[in-house]
Amino acid sequence: MKAKLGDYINEYSVRNKAGEDIPVYSVTNTQGFCQDYFGKEVASKDKSTYKIVPKGCFAYNPSRINVGSVDWQRFEERVIVSPLYNVFSVAPQLDQQYLYYYLKSDFALQRIRAVATGSVRDNLKLAMLYEFPIELPDIDQQRDLASRLDRIKRIISLREQELQVLDDLIRARFVEMFGDPDTNSKRWPERLLSEMLDVLGGYAFKSDGFSEVDGIPVLRIGNINAGFFKPVNMVFWKEDRNLERYIMHPGDLVMSLTGTVGKDDYGNVCILGNDYSKYYLNQRNAKLELKEGLNKYYLSQLLRFEKIKKSQSQILWDDGLRT
């Protein structure tokens, strides 16, 4: 059954007027409800205007839900969030975890961006959310679907942990072979990275021109900044001869120039996989064209070391991008 979301959610706008000592939470796109996101920043603030979020209610920042910063409160009987947040309760006929996955889905995120675009800071008002359509099977089916997605999410998390262990193993093997790059423990001769490669900046693609299925995939931060190529949530741009200089191919080396919101993960390098025959380079990434004598596999591992990555990223910025 297809329903309108507004028939099953209602605004919950209760302030902490008595100034009670209730835990302060925020909502991020990666952690959902979490504490200490702002550190000690709110410790001395007057929190009487903060909104109360009872267990089972949802909250989101209207200008951040477009990147998935939405969650339901499942940790404590009551928490408080910034007055900027929208808070809403959910009817018994709608399972919270089912709604959570709906709001994090590509369909919902694309609709959020489309509806919110053009308003103040792309702000999604609760009244806009009320109009969203949602497939609403009976409550048992909702819980079953949410449970399946929970299991998939756990499998993905375990796989990511496994990849981290393998990454640490590669790092240890690299140090064994070449020494610690942060200190150059084996006293290798040093050269500036800017002398050993050229940097090609990307093209400023406009999001309203993207397709979900047709054209050439456009490399985005999420495909690059894990330090290895992740062909997920790809978007496509129609083939254009005027953009040939921004074409990249499997095996090319690409660096992220900006990071994920809330993370210091810019400057990561990866080698493009052969999932597609070619890719477009956007302005938030850069192609590294290596000169003779520099091995791309060596460089891709070298730039995983924090001191090297930060210093060489600065050299790349100082050297400028060829646009």
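## Cysteines

C270 is buried, at a relative accessible area of 1%. Buried means under 20% relative accessible area, exposed over 50% and partly exposed in between, with a 1.4 Å probe and protein chains only. C57 is buried too, at 7%. Zero disulfides turn up in a search of the whole structure. A disulfide here is a pair of cysteine sulfur atoms within 2.5 Å.

## Basis of the model

This is a predicted model, where local features need pLDDT of at least 70, side-chain atom pairs count only at pLDDT 80 or more, and totals for chains, interfaces and linings use all residues. Residues are numbered from 1 along each chain as its sequence is written, and side-chain values use heavy atoms, leaving out hydrogens and water.

## The chain overall

The chain has 323 residues, and 41% of them count as buried. It holds seven helices and 18 strands. These are DSSP runs numbered from the N terminus: helices are H or I, at least four residues, and strands are E, at least two.

## Helices α1 and α4

Helix α1 spans residues 96–104, and helix α4 spans residues 139–178. They pack at an angle of about 60°, with axes 8 Å apart. Axes are lines fitted to C-alpha atoms, for helices over the stretch in contact, and angles run from 0 to 180 degrees between N-to-C directions. The angle makes α1 oblique to α4. Oblique is what remains after roughly parallel (under 35 degrees), roughly antiparallel (over 145) and roughly perpendicular (65 to 115).
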